[in-house]
Amino acid sequence: MNNNGLALELKGISKRFGSILANQNVNLDLRYGEILAVLGENGSGKTTLMNMISGIYFPDEGQIFVNGEEVTIASPKDAFDHKIGMIHQHFKLVDLFTATENIILGIEEEKKYNLAEAEQSVCEITERYGFEMDPKKKIYNMSVSEKQTVEILKVLYRGADILILDEPTAVLTPQETEKLFSVLRKMKADGKSIIIITHKLHEVMAISDRVAVLRRGEHIATVETAGTTETALTEMMVGKKVSLNIERNEPEGSVDRLEVRGVNCVSVEGVKLLDNINFTAKGGEILGIAGIAGSGQRELLEAIAGLQPLESGEILYHNPQNGKIENLRNKTPQQIRDLGVRLSFVPEDRLGMGLVGNMDIIDNMMLRSYRRGSGIFVDRKKPKDLAETIINDLQVVTPSATTPVRRLSGGNVQKVLVGREIASSPTVLMAAYPVRGLDINSSYMIYNLLNQQKKNGVAVIFVGEDLDVLLELCDRILVLCGGKISDIVDGRTAKKEQLGLLMTKVNGAGKEGEVTTA
Amino acid sequence: MSEENKSALQPEPLKEETPSNTVETKREKRGILPEIHLTKRAGVTLKEAILVRVIAIAAALVLCAIITVIFTGDNPFKIYATIVRGAFGKGRGWVTIHSMAILLCVSLAVTPAFRMHFWNIGAEGQVLIGGLATAYVMFKWHESVSTPVLVILMLAAALIAGAIWGLIPAIFKAQWKTNETLFTLMMNYVAMKLIEFFLKIADKSGSNVVDSRLLGNGVPDLFGVQYLLNVVIVVFLVGLLYVYLRYSKHGYEISVVGESENTARYIGINVKKVIIRTMILSGAICGLAGFMLVGAASHSVSSNTAGGRGFTAIMVSWLAKFDPLMMILTTLLIIFMARGADEISTIFDLNKSFSDIITGIILFFIIGCEFFIRYRVHITRRTVKEKEGE
Amino acid sequence: MHTLTLIATFLNLAILQGTPLLYGATGEILTEKSGNLNLGIPGIMYIGAISGVIGTFFYENSPIFVPAIGVVIALISCLIGSLLASLIYCFLTITLRANQNVTGLALTTFGVGFGNFFGGSLIKVTKSSVPYIALSETGDAFAWHLHFEDLPFADSGFGRAIEWLWTILFSYGFMVYLAIALAILASYFLNRTRRGLHLRAVGENPATADAAGINVTRYKYFATCAGGMIAGLGGLFFIMDYSGGIWSNDGFGDRGWLAIAIVIFAIWRPSLAIPASYLFGALYILYNWLHMPMQMIPIMQMLPFVVTILALVFTSVRKKRENQPPASLGLSYFREER
């Protein structure tokens, strides 16, 4: 056996999706009984890489070695045969089943089906590693952390020796995270090898033995955790600042437009989504929102748009026409519009929320405006003109205005959506990841549109993931971390590393800006 | 949907995973894995979609002819001729058109709900309850009030009764997400039994039908032409519903709710209100169909008054992609085949149910062919790994 | 004593009336647990019944007729007929992912027509003057059981004391017991076996089942075909045992829809379907026993459906997770391109 002390070794792995190179020539190794953290920004190819180890994707190039033997992993079953198990971010559990039923689901064993026996073995595993889990508890009664435990148990029950956890702490409270880490340490002591994907630097420092950093699909370096610092890791993760030459004008005559005061939100499961959010968006400026995916960006925008009920707090709109202040708290989108608030929202889920995929461009234009007029009929004339204007002005590539938007490419879908939202001449424009999946030209067109709105005195709120873009486009940048505001910094003076640190830990170095408390 | 396609697809089209026996040891050349997988089509041209459907209908007609030949021994071309004669032969055309009108009316009724993805399979009951309300008004007042007043009362009663029958499941769906398919299905039988109850009360002789002896003559024929009124009403209704669904604000809201509740919320549509409003409309049109059947056509009522049209209408509407104008064609197809098959069974002394079998076969083919419009089947050979031994 | 006999006879009839419903309900529960709402069950029950009748008809007219073999032939042809009908539904909804409601309703139209057409044709073949087919000898074999009078202790005091019990428990043909056995077996399968667990997972969350390595297509086919075959037996029981081997067109009536109602009423549990079926059977015949005025009969017959609606409303308002329809019921599963 060609055993070089490595549980897993990747050599020259590449994977592309269409024109996008997700991983390029990645080399990675995992020792026996170690915890390896894989660190990287959103879209740096971490999850794709891990999916290739667990059999969800198949690499275009490269080799995978398990225990020194080269293997082919073409399906999740192959991965299990090599004792590799992955715990995904999105749980795959049957709500109605108990923990044990979920754990044994899909296993074909020779021996007779015996739930009590299975529960016994689950208990043995939970005791060995110090999980807290009632094997008879139904999933729908469980907290997120318990569900995650079931996912981990599923992998352990199948006898995995290599565990891959995809951002396991993203959904956990600090206490739960601590518990998870103690379990992971016990597994490590038991000889298991663990890969953990995370963005949170202090967790990397706390749990891992080594850190592998990925950036834009490439492996930058693997370093011993003991011999590095958070700052060094951040630099490796975000890389050097790249100049994009996005136009940015000084804000003119900015006035307070939208004031968010002490907003708190809680999910159905009781997890805190937004924690005491305070800020003011000003007309005539672009306020960027930075943060690791799932830090509360979506909830914040939906709360303002009237789609997410608030636990407490106020959302105050300063009407530029009459100077009145309206409280938008817990109003429906219709009520907000009836108040005369011109709020536009480009949601993250373009075809699932912002647009109707099976409708054509004209009908999608009508989503915002179909109520206009007193008659019982919709007016398709103006939406048709608008559709044609947008198609021309934004160079939307489409056979015609009557093509269902589902059939357009991602960039064109986004142009249609942004075009429509801008067309209603808003006073507040919120855009969540408006350039995600877009090519360079389309992206710049969107930046220009946002700048144009800024010039017109609109309060633009831009949620982005590319730090370079945020730094060049935005006047101020609000950084979210775990539903809290870490800091609000000046977009002209902030440093990339500083943002990286703010995104990964709450209330880090907050010097340049101050948390705006209205 | 040809036979070859069937056999090619039957083995596991879902699985796109590669077989596990490809885990091979080092230095061996990797195999090439054949795989069948499906993708949703981004869009089909109208031409392709029509072509697929025409092929499916043609295949169904061939199969139906073969079956008919087996049972009758007649030559297939004569059979087609018989079908055409059955539907549009002398003195039959008008009856065929009336049958179409009634079926079309029920199909129009279920359409708004379906466009909203509310699976109302209770049209049968909504038609029956409308018919019952009509019959009750006729039974009670046909001698005491003037015909115009009676007709207005009948119509109002039918519309309200149908609307209530649609409203009940809608309220529960909107409020508690109660499964509407099962709810509306059960409501059919409640309506049916209510009619039987009425029959027993109205006619002490224990007959299964209450007819004009007890109900009077209902709505007078328009210009003295039997069924003309019904046909005119339905022609209007087709236009009305087409306009309502395509050009009205309500119709637009129905489409948005059906396509994505999330989007509906995003633009501030009150989803519950739309569900309830639409089901009232759906039920009321069914009630109208009941009014036409009882008040303006047969002047009689029985638990068989709807005659399964409530179920056939679901298929008509679905086959027409919920488009009122297309429904004229699908109704024509179904009625044409049913009446033709009736004719065959009469001539060759076969059982009346022959037409149900023929209808069933045609439906199976059209239902099946949608697959080829919605999905693209790929049979590719993916190279898993091209690595020579080291 | 007299009251006991009366109650015993009533229960006896209720159970006979409920048995076809129990077959249908057990079959539909199995099907729905895989996420398929098969509204073709009423049609499949017709097809099952007529297939059994056709098979037996040709055999009964042959010179070497043995009743026991007649029974076997009836069962086999019934199972084949309902299997083929179920396969139509499976192919359309699972492989071709057609709309389940539309496919099911089309199958019911087809199935009821199929039954009546061949029933009617056979009636014609017999050149009978009455509108039905009588397969009395096979029917008798189906309904065969030990009659109380034939028991050695029938005339003793003890015998007379337990006659009512015998009537309730032992005076049925084998298919009544088979129905109970199948329901219990289905319950055991769903709750106590690995495959049952997998099947429930498919109906609840096919994507999760798929990810766990369960062959979703295979399970859906299996459950729908097995369910259809069981339901088909219900049709056969109605003709061969309950009606004494006599087929008349539309004789089976709307019992198929009643079976679907029972599925809801029994909150998708085969074990609960047993009492539920007998209850529905009892409601079906209750009017005969209460000396009600004629016009109340339909109201009594309406009860099962009203009760079902109430059950449906009640479970959805209470939102107890265990009592909900399988989560993916009515939806076809398509694994999206990754």
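Analyst: Strand β13 of chain A, residues 286-290, is mostly covered in this predicted model. Five of its five residues are buried. Both faces are covered. On one side sit I286(A), G288(A) and A290(A).

Now the partners. β13(A) pairs with strand β18, residues 459-463 of chain A. The two run in the parallel sense, over four bridges. Within this pairing, G288(A) stands opposite F462(A) of β18(A). β13(A) is also joined to strand β19, residues 476-481 of chain A. That pairing is parallel too, and it has four bridges. Here L287(A) has R476(A) of β19(A) as its bridge partner.

Strand β6, residues 84-87, has I84(A) and M86(A) pointing one way. G85(A) and I87(A) point the other way. All of these are buried. β6(A) pairs with strand β7, residues 162-166 of chain A, in the parallel sense over four bridges. I84(A) stands opposite I162(A) in β7(A).

Chain A also meets a neighbour. 10 residues of chain A are in contact with 15 residues of chain C. The chain A side of that contact has six nonpolar, one polar and three charged residues.

Note on methods. Residues numbered from 1 in each chain as written. Chains lettered and ligands numbered in written order. Predicted model: local features only at pLDDT ≥ 70, side-chain atom pairs only at ≥ 80, totals over all residues. Contact = placed C-beta atoms within 7 Å. Nonpolar A, V, L, I, M, F, W, Y, C, P; charged D, E, K, R; others polar. Buried ≥ 20, exposed ≤ 12 C-beta atoms within 10 Å, placed from the backbone. Pairing = 2+ DSSP bridges.
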